Amino acid sequence: MPERLTEMLMDTWTPLIILWITVLPSIYMAPMNQSQVLPSGSSTGLKRLTEEQRVLNRSKRGWVWNQMFVLEEFSGPEPILVGRLHTDLDPGSSKIKYILSGDGAGTIFVINDKTGDIHAMKRLDREEKAEYTLTAQAVDRDTNKPLEPPSEFIIKVQDINDNAPEFVDGPYHATVPEMSVVGTFVTKVTATDADDPVYGNSAKLVYSILEGQPYFSIEPHTAIIKTALPNMDREAKEEYFVVIQAKDMGGHMGGLSGTTTVTITLTDVNDNPPKFAQSLYHFSVMEDVALGEPIGRVKANDLDIGENAKSSYDIIEGDGMDIFEITTDAQTQDGIIRVRKPLDFETKKSYTLKVEAANIHIDPRFISGGPFKDTATVKIVVEDADEPPVFSSPTYLLEVHENAAINSVIGQVTAHDPDVSSSPIRFSIDRHTDLERQFNINAEDGKITLATPLDRETNMWHNITIVATETRNHSQVSRVPVAIKVLDVNDNAPEFASEHEAFLCENGKPGQVIQIVSAVDKDDPKNGHYFLYSLLPEMVNNPNFTIKKNEDNTLSILAKHSGFSRQKQEVYLLPIIISDSGNPPMSSTSTLTIRVCGCSSDGIVQSCNVEAYVLPIGLSMGALIAILACIILLLVIVVLFVTLRRHKNEPLIIKDDEDVRENIIRYDDEGGGEEDTEAFDIATLQNPDGINGFLPRKDIKPDLQFMPR
């Protein structure tokens, strides 16, 4: 049966042959009854197919739907016939009406309601919509009543190769290390094709290189780009422009293609050693250059970049390895030569160094290519400079006894001019460091003499600054600190450390320690202080007290007897001679005051004054003074009260015969009325005291009078 249908379809339009080949298997396998979706020009064949099918199966069935197909992008003068709907209920009397609804019904797809032919009215694009779902139904043309239930069927748009491949992510940028081996992965590109990947080869892509050979290659199916040449050198060429093509239809003729560009950059590896621009460098430097100052730069160039171009510099040979140092400038990669130690033209006038530059980061893959280092020779010439005087010592320490004579020499400083000319030197003292002008210096030989007496106990150290100046060039000046230590001589007598006052209890016992005293000496002997204590010769046999030297260089005062009484003698004075062990020894006499006091049975001092005996009730002097002050205050209050009472009893109203209002003045002038009252002040006539502005009232007695202070 398929063979007979195929023979009938050969007379139809050629593009529909493919559609028939796709549709026939499903028609052959599906049972059919009253109606069938028919392709165009197939009614005769379909009727034959229906009769044979009825012999096989007489059971009544409804619609049997199959897929219909239509080619995309087809355009012609007439609408495209997609297929035909037909039902056996139609006797050919045109009483059947076919209705189509669903996707694109009435706009894209139109059905002939009499014949059931379906036409595509527009140009279809599979990439926009691949299939359409529609619903077909047969109704009575007069009554519009459905003759059968509605059924769905699908119209699929068949793909044609109408879309070229596209590189959505292009153009591409990739990197690969220089000197890479053949086959090193670079990058992968991807192209997309909007055609149907299932139907035919429309979306089957094959990749190739249009530009970029022979340096790179691409795998046709995976689009992986790899290196094709070994040892590509970045320093020779850094960037490559590669054009990649993707072609569909498996790369065969007639396929569509698309291209993209890949910019491939070779990244740097350390395959080049540093190289000095010159093998010999010359520098000159003044001998008075400051330490750490740069005196010159050397440069080792490296064709590599970044970390691979970084080098370190070292001095590996030469007679100035300890005088000079070399460091690397991180920005310019220069080698900076600096001075480590002072230079002296008179001692050495030139130096020769051998400098090495070596890469910091070395790639083990290229270590066999040779040492990644280079050397150069550096000659440094020291030039003479006018230098300031140089002292024989950076500091001086002098010692002098405090009793040294005025104008005696206490020390000497020396300095010389290091230059070849050797200018004479003059010395002076910076008076800002010797404000009291205690020292002088000889300007010619630098001998320091004493100008004023010294006192170690006042100032033990003197720090002065000596200035040395060249006589030929006063701008060349040097300074040196001089510390002068004043040595001690025994010129101070010892004395009590503080003013001592001893207290002796009346009920004390013989041999009791009254007081322990200590002495001080402003001098500072080398072996420490050792004091001798003694009583005055006339008091050696003192009947009341004796002394005892302690091991800690102190003195104990002891009572010889008991029974001391404040009424008999309240205070005792005990002169004590204190001597040191100096040469010659110095001594002084200090007097200890011993006061007799009343003490408790435990020996605690309670009172040391005589008034305790005149107060049997046990009142102290402070209490007596308080009582006396209260009595005096009461007497003052009484006197004030009496004085106030006396002033209150004095009469305050003047006598009648003294009233000025009784003095009548007669005159013959005619009165002027109110004008006369303004001619004089009647109050002044009545009270002459009112002239001064004070008008006391004497007609009443004041309630309160204040006493003049």
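This is a predicted model: local features need pLDDT of at least 70, side-chain atom pairs count only at pLDDT 80 or more; totals for chains, interfaces and linings use all residues.
Local features need pLDDT of at least 70, side-chain atom pairs count only at pLDDT 80 or more, and totals for chains, interfaces and linings use all residues. Residues are numbered from 1 along each chain as its sequence is written, and side-chain values use heavy atoms, with hydrogens and water left out.

**View 1. An open sheet of four strands, with mixed pairing.** The strand order is β17-β23-β22-β19. Strands (E, at least two residues) are DSSP runs, numbered from the N terminus. Two strands pair if DSSP finds at least two bridges between them. At the edges lie β17 (280-286) and β19 (311-318), each pairing on one side only. From one strand to the next, the twist averages 30 degrees; axes are lines fitted to C-alpha atoms, and angles run from 0 to 180 degrees between N-to-C directions. β17 and β23 (residues 373-383) run parallel, joined by seven bridges. Y281 faces its opposite residue, V378, in β23.

**View 2. The hairpin of β38 and β39.** β38 (residues 545-549) and β39 (residues 555-559) run antiparallel. Five bridges join them. T546 stands opposite L558 of β39. Five residues lie between the strands, and N553 takes a positive phi near 70 degrees.

**View 3. N308 in the loop between β18 and β19.** β18 spans 294-301. N308 counts as buried because its relative accessibility is 17%; buried means under 20% relative accessible area (1.4 Å probe, protein chains only). Leaving aside neighbours within four places in sequence, N308 is in contact (heavy atoms within 4.5 Å) with D268, V269, N270, D302 and N359.

Definitions and conventions: Buried means under 20% relative accessible area, exposed over 50%, partly exposed in between (1.4 Å probe, protein chains only).
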